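Subject: Structure handover

Hello,

Here is the structure for you to take over. My notes on what was found in it follow below.

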Amino acid sequence: APRLAGHVGEGDLLLADRAFCTYEFIAILLEKGADVLMRLHQARHRKLDWRRGKKVSAIERLVTWRKPAQQPAGSSLDKKKWESLPDEITLRYIKMGYENRAGEKQMLVVVSSLLDPVEYDAVELSSLYAERWQIELKLRDIKTTLAMEHFAVQTPAMAHKTLWMMMIAYNLVKQQMQQAAVEADKPLNEMSFKGTLDYLTEQHESLRPLAGSPRKLGKRLAGIIAVCASKLIDVRPWRQEPRAQKRRPKGYQYLTKPRRIFQEIHHRSNYRKPA
């Protein structure tokens, strides 16, 4: 968070999860002239009393936070900087309902420094915070779809090289998606990363024979963009996505030692942990 604050300037709006929703971090951003839109931290949510503060509407309240009496142990500020923080800050709570992965209705509270309810409508801010989920989807594209959860390398240097190459590949795919979104006149979030990646992987060899023919190559690239424009995400609002594995793991030992010294314990199809 402290490093992230260095990239935020005056007039910016930081959209973040509840892990960033602390007095210190918000106060630092307000000093920079920036605004915040975050989910209320779980520790404050457990002690939340909706009757406190100034009522703005049925789903909005203005609440005053007071600086903690003692500087938190995990603070990144020195003592002088901590003492210079304001003694209190006024924030706006917005209550919004949502459905979890199991389809159950729940409630969360969004915190914002945008206090004017007329200029900054509560429903619009809630919808804006809901867009934060797109960050999680992009991380899933990078880690799962591009198979970056595990690197088959042996040195930190190769891990860094692999990471940079995968990020270059990710940006190239996103570039194709952006062009396809313009072609289809659709928002970028509605384009399928997996569908675009699969089609580009299938078609990249067809470009090799056209390297010496600019016209044919340009026509072929335009055709690829046209097909990518049809790779849209199916909107399934009532789809449940539980955190579960579809396949059962094999009953093998874990490879806890290098292969040359690892001892496999055979017992039919079952394995026990070595002593």
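Helix 2 (residues 23–31) is mostly covered, with seven of its nine residues buried. Buried here means under 20% relative accessible area, exposed means over 50%, and partly exposed lies in between (1.4 Å probe, protein chains only). Helices (H or I, at least four residues) and strands (E, at least two) are DSSP runs, numbered from the N terminus. The buried residues of helix 2 are Tyr23, Glu24, Phe25, Ile26, Ala27, Ile28 and Leu29. After helix 2 comes Gly33, whose phi is positive, near 85 degrees.

Before the rest, two remarks on the source. This is a predicted model, in which local features need pLDDT of at least 70 and side-chain atom pairs count only at pLDDT 80 or more, while totals for chains, interfaces and linings use all residues. Residues are numbered from 1 along each chain as its sequence is written, and side-chain values use heavy atoms, with hydrogens and water left out.

Aromatic rings

The structure holds two aromatic pairs. The ring centres of Phe20 and Phe25 are 5.9 Å apart and the planes are at 40 degrees, so this pair is tilted. For the terms: rings of Phe, Tyr and Trp (its six-membered ring) pair if their centres lie within 6.5 Å, and planes under 30 degrees apart count as stacked, over 60 as edge-to-face and the rest as tilted. Phe25 is buried, with a relative accessible area of 5%, whereas Phe20 is partly exposed at 28%.

Tyr170 and Phe193 form a tilted pair too, with ring centres 5.4 Å apart and planes at 40 degrees. Tyr170 lies in helix 7 (residues 156–184) and Phe193 in helix 8 (residues 193–203), so the pair ties together parts that are 23 residues apart in sequence. Both Tyr170 and Phe193 are buried.

Salt bridges

There are eight salt bridges in the structure. The term stands for a side-chain nitrogen of Lys or Arg within 4 Å of a carboxyl oxygen of Asp or Glu. One of them joins Asp17 and Arg132, with the closest N and O atoms 4.0 Å apart. Asp17 lies in the loop between strand 1 (13–16) and helix 2, and Arg132 in the loop between helix 5 and helix 6, so the pair ties together parts that are 115 residues apart in sequence. Asp17 is partly exposed, with a relative accessible area of 25%. Arg132 is buried, at 11%.

The loop that holds Arg132 runs between helix 5 (122–130) and helix 6 (133–145). Not counting residues up to four places away in sequence, Arg132 touches Leu15, Ala16 and Asp17; contact means heavy atoms within 4.5 Å.

Glu136 is found in helix 6. The side chains of Glu136 and Arg132 meet in a salt bridge of 3.2 Å, N to O. At 29% relative accessibility, Glu136 counts as partly exposed. Salt bridges that share partners join Asp17, Arg132 and Glu136 into one network. The C-alpha atoms of Glu136 and Met167 are separated by 16 Å, and these residues are 31 residues apart along the chain.

Another salt bridge is formed by the side chains of Arg92 and Glu60 (2.4 Å, N to O). This pair links distant parts of the chain, with Arg92 in strand 5 (residues 88–99) and Glu60 in strand 4 (residues 60–66), 32 residues apart. Arg92 and Glu60 are both buried.

Surface

Met165, Ile168 and Leu172 make a nonpolar surface patch of about 310 Å². Patches are made of residues with over 30% relative accessible area and no salt bridge; like charges are joined within 9 Å and nonpolar side chains (Val, Leu, Ile, Met, Phe, Trp, Tyr) within 5 Å. The areas come from the Shrake-Rupley method with a 1.4 Å probe, and for residues only the protein chains shown count as cover. Leu172 is found in helix 7.

Regards
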